[in-house]
Amino acid sequence: MNRNGAHSSTLFGNRGLVSASLFANGEFRLSTRFGLDIGGRLSLYSDKEKQLFVAEPRAVFNFYTRKGGAWIGYTENTQPLFSMNKQLASFPVDYWIPYQNVDELPRSRQLSIGGKHSFDFGLKLQAEAYLKRSRNIAVVYNGDDFLMNDGGYMLASGNSYGFELLAQYGIGRFETVASYAWSPSDYRMNGRKVDFMYEVPHNLNIFASYETLRKGERRHTLSVNLNYHSGMPYIITNTKYPSAAPLPDMSGDVIDYPAYPNARMTDFFRLDLNYVMEKKLKRGSRIWQVSVLNATAHKNPYIVYYYPRSDKFKATTLIPILPSFSYTRKF
């Protein structure tokens, strides 16, 4: 690199991967009740040493009813890019890097089954369950060695499974949408089972709105949004030792972090309230809006970090509670 006459270099090796893909898909209506969505992708991956062809089939078999239906699907995927996670405190920093060895490309297989139905009284339900198996998932424990093509990583297998539920209901002035997902996910490496870095086993979302006033050109709406999910995994130090401190700005302890999450943040909960007052005018409309974010003032941790002075871990929250109002004039 040359910047203002200065030269610098890096010891990290270059990584390159060339990929090309051909995708095809077709939808077939076999009868009034049955349908088939089938396709696939043929991919070529080439690094400095070898080339690899990968076939990734997919198929979904559908069953239709008058007010809904059901389906079962199968999918295979291969990902040429790899996310190297560097977890500082509780929030990760991701570096997307191509795989150097095409024989270690991550692959996954997923089987899913689901259905949906609409009832006469305004309720709609949808459910889906899935099972996903993955292999060749690289877990980096030494970023420098990994970037210099000198190991620094382990290959793991992964399991993901669970189900998702969705309900929608509307009658008169009232509307609501609620969803819940149960989705555990883990790695297995060297005989150890560890949580996936972004695993959130439980996730609940509820939105509801009610028109408190509907009269002539005026319309008032109260809405509530609730979100709850399990705390995300994060990494805390398990080793600390004094630094040799060859320079004044390098004093302090050297902190070592494991290659996988070994703790979990507290659960996330947030309740938002919103009230909108809209009135149509001769030209356009005017809108008053009053909102309260995180109305219960629940302390949701955004980051968790090690504080060396007290030798403890601390958490930082972003929105303890945030009221706001706005005025909008439309012409």
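The following legends describe several close-up views of one predicted protein model.

Residues are numbered from 1 along each chain as its sequence is written.

**Figure 1. The protein chain has 1 helix and 25 strands.** Helices (H or I, at least four residues) and strands (E, at least two) are DSSP runs, numbered from the N terminus. Of the 331 residues, 29% are buried; buried means under 20% relative accessible area, exposed over 50%, and partly exposed in between (1.4 Å probe, protein chains only). The accessible surface is about 21300 Å², and carbon and sulfur atoms hold 57% of that surface. Accessible areas come from the Shrake-Rupley method with a 1.4 Å probe, and for residues only the protein chains shown count as cover.

**Figure 2. Ten named residues, from Phe 28 to Ile 113, include Phe 34, Phe 63 and Tyr 74 and form a nonpolar surface patch of about 880 Å².** Like charges are joined within 9 Å, and nonpolar side chains (Val, Leu, Ile, Met, Phe, Trp, Tyr) within 5 Å. At least two patch residues come from each of strands S4 (34-46), S5 (51-65), S6 (68-78) and S9 (107-118). Tyr 74 belongs to strand S6 and is partly exposed, at 30% relative accessible area.

**Figure 3. The rings of Phe 34 and Phe 63 form one of the 9 aromatic pairs in the structure.** Rings of Phe, Tyr and Trp (its six-membered ring) pair if their centres lie within 6.5 Å; planes under 30 degrees apart count as stacked, over 60 as edge-to-face and the rest as tilted. Here the centres are 5.4 Å apart and the planes meet at 50°, so the pair is tilted. Because Phe 34 lies in strand S4 and Phe 63 in strand S5, the pair ties together parts that are 29 residues apart in sequence. Phe 34 is partly exposed at 35% relative accessibility, and Phe 63 is partly exposed at 31%.

**Figure 4. Tyr 161 and Trp 182 make an edge-to-face ring pair.** Their ring centres are 5.7 Å apart, with planes at 70°. The pair links distant parts of the chain, with Tyr 161 in strand S11 (residues 153-171) and Trp 182 in strand S12 (residues 174-182), 21 residues apart. Ring pairs also join Tyr 161, Phe 163, Tyr 180 and Trp 182 into a cluster.

**Figure 5. Ser 291 is a buried residue of strand S22 (residues 285-293).** Its relative accessibility is 9%. The side chains of Ser 291 and Asn 274 make a polar contact at 2.5 Å. A polar contact is a pair of N or O atoms within 3.5 Å; within protein, one must be able to donate a hydrogen and the other to accept it, and residues adjacent in sequence count only if both atoms are side-chain atoms.

**Figure 6. Asn 136 has a positive phi, near 60°.** Most residues other than glycine have a negative phi. Asn 136 lies in strand S10 (residues 123-140) and is buried, with a relative accessible area of 16%.

Notes: Predicted model: local features only at pLDDT ≥ 70, side-chain atom pairs only at ≥ 80, totals over all residues. Heavy atoms only, no water. Patch = residues over 30% accessible without salt bridge, like charges linked within 9 Å, V, L, I, M, F, W, Y side chains within 5 Å. Salt bridge = Lys/Arg side-chain N within 4 Å of Asp/Glu carboxyl O.
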